[in-house]
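My notes follow the model shown here.

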Amino acid sequence: MASTVVSLSSIVLLCTITAVQGRKTLHHLNNEWLTSYSVINDIDGICKTMVETQGYTCEEHQVTTEDGYILSLQRIPVGRSSNNTDKPPVLLQHGIFCDALTWLVNSPDESLGFILADNGYDVWLANTRGTKYSNRHISLDPDDMAYWDWSWDELASYDLPAFVQYVYNHTGQRIHYAGHSLDIYWLGLREFVPNGDVAAKFAKDLCHILNFDCSNLMSLFAGPNCCINSSTIDVFLDHEPPPTATKNLVHLSQMIRTGTIAQYDYGNQEQNMQHYGQPLPPLYDMTGILNEFPLFISYGGQDTLSDVKDVQVLLNDLKDHDWNKLVVLLNEDYAHVDFVMGVNANQMIYDPMMDFFKVN
């Protein structure tokens, strides 16, 4: 517990559902799962296909979580100039229906992963369980229903601590963390593939019920993004969107319906008692964030996933936070995806973020 807490230097939240990941237990750690692995030579991996093609050095790593998921982690240790890094490691965490490609799909001058490397940071790119590059387990197969029995509770309890501990063990340095987003059970599914037939029918039915124009589904669900190059969207869509657990979507919908940030609700008091020892799932206490812990929160006025009212709930919980340890940046024109694919995100978001890193 202590080693993990001190290894985090600061947290950056680009859209703020990930605030939950930033504070939920970093104490379910068992270091025997987190020993270093050899660098992997994966010809079809992110390093070969997305990073080295842009002229960067890249390493493929693996991390095994305490509950047995084998996760992919890429490292960009130096920028294009090949100078040694002189700044701390930065762990980048993608959101739902995404993977580490989130940070690489724009040009090197517009993608946060490359920008940080070129500015001297040691960049680590996480891929959570269930995504294309993190689809293995020590005993389960993705065809097993049990493989998909998780929501972001487990992403916070197991995946994030495993990534943080691994990077800390590998570098011996405190870490900056930047996260984006995180952010049907009745269908009988355990895996939800966003471009599958079921997903297409689900989206079509939803559009019909709500009487929405669904010609632009990204805008429908994430808000009207102002600053994304259409060619970037094409590149992103060429890579099959990663699946997530249906349970994960159910968990997110529970929070939307109840207006609370809580652990997964198993649907009846008996099962909740079995899992939590109480009839209702425990709430996450965001006021438990240490007042002196450095936080950079950026959100968009057009974002429909992490909208302004939702962000204000978090900010209210942080009202006693040390004023010199909290930066809040609102971009009125930004929607959800602009934060990671906007052509001007470098100037609007990333430059202020790196200024924050320098003083924390």
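I looked up strand E10 (residues 295-300) and found six of its six residues buried, so the strand is largely enclosed by the rest of the structure. I took buried to mean under 20% relative accessible area, exposed over 50%, and partly exposed in between (1.4 Å probe, protein chains only). Helices (H or I, at least four residues) and strands (E, at least two) are DSSP runs, numbered from the N terminus.

I must note that this is a predicted model: local features need pLDDT of at least 70, side-chain atom pairs count only at pLDDT 80 or more, and totals for chains, interfaces and linings use all residues. Residues are numbered from 1 along each chain as its sequence is written, and side-chain values use heavy atoms, with hydrogens and water left out.

I then checked the two faces of E10. Leu295, Ile297 and Tyr299 point one way, Phe296, Ser298 and Gly300 point the other way, and all are buried. E10 pairs with E11 in the parallel sense over six bridges; two strands pair if DSSP finds at least two bridges between them. I noted Leu329 in E11 as the bridge partner of Ser298. From E10 the chain crosses through H11 to E11, a right-handed β-α-β crossover. Right-handed means that, with the strands pointing away from the viewer, the path from the first strand over the helix to the second runs clockwise.

I located Val311 in helix H11 (residues 308-317). Val311 counts as buried because its relative accessibility is 1%.

I found Asn331 in strand E11 (residues 326-331). Asn331 has a relative accessible area of 8% and is therefore buried. Not counting residues up to four places away in sequence, Asn331 touches Tyr299, Gly300, Gly301 and Met348, where contact means heavy atoms within 4.5 Å.

I turned to strand E2 (residues 59-64), where five of the six residues are buried, so E2 is largely enclosed by the rest of the structure. E2 pairs with strand E3 (residues 69-76) in the antiparallel sense over six bridges, and His61 stands opposite Leu73 in E3. The two strands, E2 and E3, form a hairpin with four residues between them. In the turn, Gly68 has a positive phi of about 95°.

**Whole chain**

I recorded 13 helices and eleven strands for the protein chain. Of its 360 residues, 52% count as buried.
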